[in-house]
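Please examine the sequence and the model shown here. The paragraphs that follow consider a ligand and the space around it.

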Amino acid sequence: MKIEIAPSILAADVYSLGQEVAKVEDAGCRYLHIDIMDGHFVPNLSYGPHVVKCLRPHSNMFFDVHLMISDPGKYIEDYARAGADLITVHAEAAETAEELLALAEQIHSFGIQAGVSIKPGTPAEVLTGILDKFELVLVMSVEPGFGGQSYIESVNEKIRILREMAEEENPDLDIEVDGGIGKATIAMPVCAGANILVAGSSVFGAEDAGQAARELYALAVQEAEKR
Ligand code: DX5
Ligand code: ZN
């Protein structure tokens, strides 16, 4: 299974956003993680579809858009048209499994991938029976809202459970983990079965973002080979 480092631009310098993205693209990263926060679903604000649209013509990266917003169905079209390749919605933002499936269908109607995310306190079992409707599950390893927090180790078990569930329901499922991932922690989610690793401050907070991303990739691949 492919291994990807998905640098999160939440930690990048907005003044030079284009150059920051180019640094990780030049370093070989294929995924770009774009965090959208509404000040309601999470206690922080980031940016909207305009930022996605402005970056789109300047990058060939796979735009991995993480919607940390209430009522995501209202905004999916905006992000799809702005250039998202994958849109992830939170399971906690839907009231029922049917609502979550309708969001997946809405995302797929734009010909792009659909992801579903669960917060640290949400069990893997809420996704039982619906994993085949998504291309990706995003496991939050911090409470969503802010970069620079510490990796919550208790999610390792949840990643393991999800990978087992996926073997039955959707063997190609990507499992992405988001929050607190750096050199010291990246082995844990990979060992548990994750294959896409989001890294915000450990990449864009480093002196050389490209070098930091390459080092994380090498560590992740090394760990994946042991699985
Ligand atoms: C947190 C965001 C993350 C964040 C990760 O709510 O979803 O993507 O950017 O940042 P780090 O890697 O610094 O924990
Ligand atoms: Zn994120």
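On a 1 Å grid over the protein atoms alone, a pocket is an open set of points where a 1.4 Å probe fits, with protein on both sides within 12 Å along at least five of seven lines. A molecule sits in such a pocket if more than half of its atoms lie within 2 Å of the grid points. The space taken by ligand 1 is the largest pocket. The model is predicted, so that local features need pLDDT of at least 70 and side-chain atom pairs pLDDT 80 or more, while totals for chains, interfaces and linings use all residues. Residues are numbered from 1 along each chain as written, ligands are numbered from 1 and chains lettered from A in written order, and side-chain values use heavy atoms, without hydrogens or water.

Around ligand 1 there are 20 residues, with D35, G145, D178, G200 and S201 the closest; a residue counts if one of its heavy atoms lies within 4 Å.

Polar contacts are pairs of N or O atoms within 3.5 Å. A polar side-chain atom of D35 lies 2.7 Å from an oxygen atom of ligand 1, and a polar backbone atom of G148 lies 2.8 Å from a ligand oxygen. The protein buries 99% of the 380 Å² that ligand 1 exposes when taken alone, by the Shrake-Rupley method with a 1.4 Å probe.

The largest pocket is lined by 26 residues, and F146, G147, G148, G179 and G200 lie nearest its centre.

Conventions
A polar contact is a pair of N or O atoms within 3.5 Å; within protein, one must be able to donate a hydrogen and the other to accept it, and residues adjacent in sequence count only if both atoms are side-chain atoms. On a 1 Å grid over the protein atoms alone, a cavity is a set of points where a 1.4 Å probe fits but cannot get out, and a pocket is an open set with protein on both sides within 12 Å along at least five of seven lines; lining residues have an atom within 4 Å of a point.
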